[in-house]
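I am opening a notebook on this structure. I will look things up one at a time and write down what I find.

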Amino acid sequence: MHPILLQSRLRGRLALHRWWQGQPDNAVLLLAGLAMLAVLLWAVAGVAAATLQLLSATWQNHPMLFGMTLAVLSAMAGGTVCGRYAQRWRRGIWSVQPRSARQLPSLLAQMALLSAGLAGLSALTIGLLLAGELNLAVLTLTGSCMATTTAAALLTTRLGRRRVAMTRRQGRLRAASPTWPGGAFDELLQRWLADRIGAQWRHGSLSLGGFLAIGLLLPADVKGAPLLLGLLLAGLLLRWLVVLQAGGRLLLEATPALAAQPLTAQRWRQSHARCVLAASAWLGAVAMLSLWLLGTAWWLAPAIPALLLALAWLDVLILAVHRQQPRRRTLVWRLLLVLFVIAARDALPLLPLLWLSAVVWHGRRVLQMESPDAEH
Amino acid sequence: MLNIESLTLQRGGQAVLAGVDLHLPKGEFLALIGPNGAGKTSLLRAICDQLPVDQGHIRIDGLTADRDPVAYRQRFGLALAPDELPADLSPRQWLQLIAAARDLPELPAEVLDLAADLGLGEWLDRALGRCSLGARQKTGVLTAVVGSPPLLLLDEPFNGLDPLAAFALKQRLRQWADAGRCSILLATHNLELAERWLDGAALLLGGRIVQRWDAAELRELQASGGLELAMVERLRAAQAAPGGPTT
């Protein structure tokens, strides 16, 4: 096996070992994650059923189009992963080791083999699920996915050298940061958040999973310009979500670096709240417009953005309580999402009550933390 | 200035600090020396209220972190390690943020002067992620001096500094201590620095301060093998003692 792949295997084993040693904390997180996944699948199953039928019909009626789309997606995924490995080999710690020239072609071949195998397995599973039997169409789909992924893997890793040079050039151009004019701490933190969000907006990736989720939730009867515009806005929405996450991450990163500074928790919370809520307002507007264009029910179009704002506000409070322990924040969110989804599906009137309880509970914790008598 | 009494700290079930007593008067420049894992960094972090203390008290100018966290933090400046600094900000932006956190209207000129003396001038407006190790180290040290706090806490501040910058920093710290502007507690393995530039050294071993030398004693030591030899002998004696700490 190629050394870089061995390194990945070792990393995986170490991560597993650390995870095992981190029990029971990790076990609780995993259980919460699995519960959240199960409940989400259960919740979207009804909505997605019609879309899955549509997918099946597309497979039956336009097998060529379906196969090509899947092959392109598979090639994109395979190419990205292989390109990343080739970059690590050329630029990472391995680049300074006494290595032979034959090891790069060996890496390319092994990566291409691995990604083609995975692509083939995925395509075969999808084909079998949709066709219900192993026939020529399923085999063709599997073969074409394997072929395009192999080609993309080889091409991306070959072109890697050129991309490195381009990245270096772009890096030099971006090396100088703009100077801030000065101001109070809250203003400077806002600027930092804005800079980070801007950088994330420019370089952040769109989640393929998010796009697929939107695709599954699309009503079958929307066509033409509203569909295109709605999809475009939905893409924008996904990007905003990435941006919002970046804002949260920055505050988690900044907390240890600024821990020795004379700052109160209240100042932290206010600065964070302003940023998140402003971003959420934009997010809400884009969500409402895209839902309306995608033909969603009239009452649902404003309801979802309102829900986003409510969740953003709750996140501000959860982050304020758990900013020293990001893992607890994740756990709380997973548990709350499970409760929210169950309530949304079977007991809708309970949903605002649940949200309010969570807001009140976390709000009280924040006030307790900010009181002068609180244990610091 | 700084008073530590019977400080005990445990991490992961192990005693990191086991009854540390330390008094640092105003204007004193003290080196905290000891083998790896002796608890030097933990002691600095405990002073900064970043590690929960199990027993004992830490007071700066009579203030404690639990009673008045903001005023307590105003009284010290902690130098950050290069990897603790945010990669996407420039040194100037980061120092501006620290100045604002200390309620200063702008970045003090004195900090920019020191930055120039340390040779950080040309790096001030580059993203920290693209700065050299030395430039990031200088930024970490400058973080501590923003707002002229009366106590500076420095953990190996000379790592990665070129000789010119290291000399300029030593000179500036010495001047500040002589002028009584601040007290300085410096965790270091650089024993020569402790001998030549500091007012004293405290040896931390097994979570306790086992020996302390003042400036006169440090000078005497120079005639008989220096602080290095004295420390090595003390460590060997500790290792040889039954149940003594391993280093």
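This is a predicted model: local features need pLDDT of at least 70, side-chain atom pairs count only at pLDDT 80 or more; totals for chains, interfaces and linings use all residues.

**Entry 1**

I started with strand β3 (residues 29–33) of chain B. Four bridges join β3(B) to β7(B), and the two run parallel. I looked up one partner here: B:F29 is bridged to B:I184 in β7(B).

Next I checked the link between β6 (residues 151–155) of chain B and β7(B). They pair in the parallel sense over five bridges. B:I184 turns up again, as the bridge partner of B:L152. I then followed the chain from β6(B) to β7(B). It passes through helix α6 (residues 163–178) of chain B, and this β-α-β crossover is right-handed.

I moved on to β5(B) and β6(B). They pair in the parallel sense over three bridges. B:L78 has B:L153 in β6(B) as its bridge partner.

What is the order of the strands in the open sheet of six? I read β5-β6-β7-β3-β8-β9 in chain B, with mixed pairing. The edge strands are β5 (76–78) and β9 (208–214) of chain B, and each pairs on one side only. Neighbouring strands are turned by 20 degrees against each other on average, direction ignored. Helix α5 (residues 133–145) of chain B packs on this sheet and touches β5 and β6 of chain B. The direction of α5(B) makes about 160 degrees with that of β6(B).

**Entry 2: burial of two strands**

Is β7(B) covered on one face or on both? I found both faces covered. B:S183, B:L185 and B:A187 are buried on one side, and B:I184 and B:L186 are buried on the other. Five of the five residues of β7 (residues 183–187) of chain B are buried, so the strand is largely enclosed by the rest of the structure.

I repeated the check on β6(B). B:L151, B:L153 and B:D155 point one way, B:L152 and B:L154 point the other way, and all are buried. Five of the five residues of β6(B) are buried, so this strand is largely enclosed by the rest of the structure.

**Entry 3: the three-stranded sheet**

I looked up an open sheet of three strands in chain B. Its order is β2-β1-β4, and the pairing is antiparallel. β2 (14–24) and β4 (55–60) of chain B are the edge strands, each pairing on one side only. Here neighbouring strands are turned by 25 degrees against each other on average, direction ignored.

I counted bridges between β1 (residues 2–11) of chain B and β2(B). Eight bridges join these strands, which run antiparallel. B:L2 stands opposite B:L24 in β2(B). Helix α1 (residues 40–47) of chain B packs on the sheet and touches β1, β2 and β4 of chain B. The direction of α1(B) makes about 65 degrees with that of β2(B).

**Entry 4: two helices**

At what angle do the axes of α8(B) and α9(B) cross? I read roughly 95 degrees between α8 (residues 215–223) and α9 (residues 226–240) of chain B, and the axes come within 7 Å. That makes α8(B) roughly perpendicular to α9(B). On the α8(B) side I listed B:L218, B:L221 and B:Q222. They meet B:G226, B:L227 and B:A230 in α9(B). The contact residues divide into four nonpolar, two polar and no charged.

**Entry 5: the two chains**

Last, I looked at where the chains touch. I found 30 residues of chain B in contact with 27 residues of chain A. On the chain B side, α2 (69–74) and α3 (91–101) each supply at least two residues. Which element gives the largest share of that side? It is α3(B), with seven residues. By class, the side of chain B that touches chain A has 14 nonpolar, five polar and 11 charged residues.

How values were computed:
Residues are numbered from 1 along each chain as its sequence is written. Chains are lettered from A and ligands numbered from 1 in the order in which they are written. Axes are lines fitted to C-alpha atoms, for helices over the stretch in contact, and angles run from 0 to 180 degrees between N-to-C directions. Angles under 35 degrees count as roughly parallel, over 145 as roughly antiparallel, 65 to 115 as roughly perpendicular and the rest as oblique. Two residues are in contact if their C-beta atoms, placed from the backbone, lie within 7 Å. Ala, Val, Leu, Ile, Met, Phe, Trp, Tyr, Cys and Pro count as nonpolar, Asp, Glu, Lys and Arg as charged, and the others, Gly among them, as polar. A residue is buried if 20 or more other C-beta atoms lie within 10 Å of its own, exposed if 12 or fewer, and partly exposed in between; C-beta atoms are placed from the backbone. Two strands pair if DSSP finds at least two bridges between them. A crossover is right-handed if, with the strands pointing away from the viewer, the path from the first strand over the helix to the second runs clockwise.
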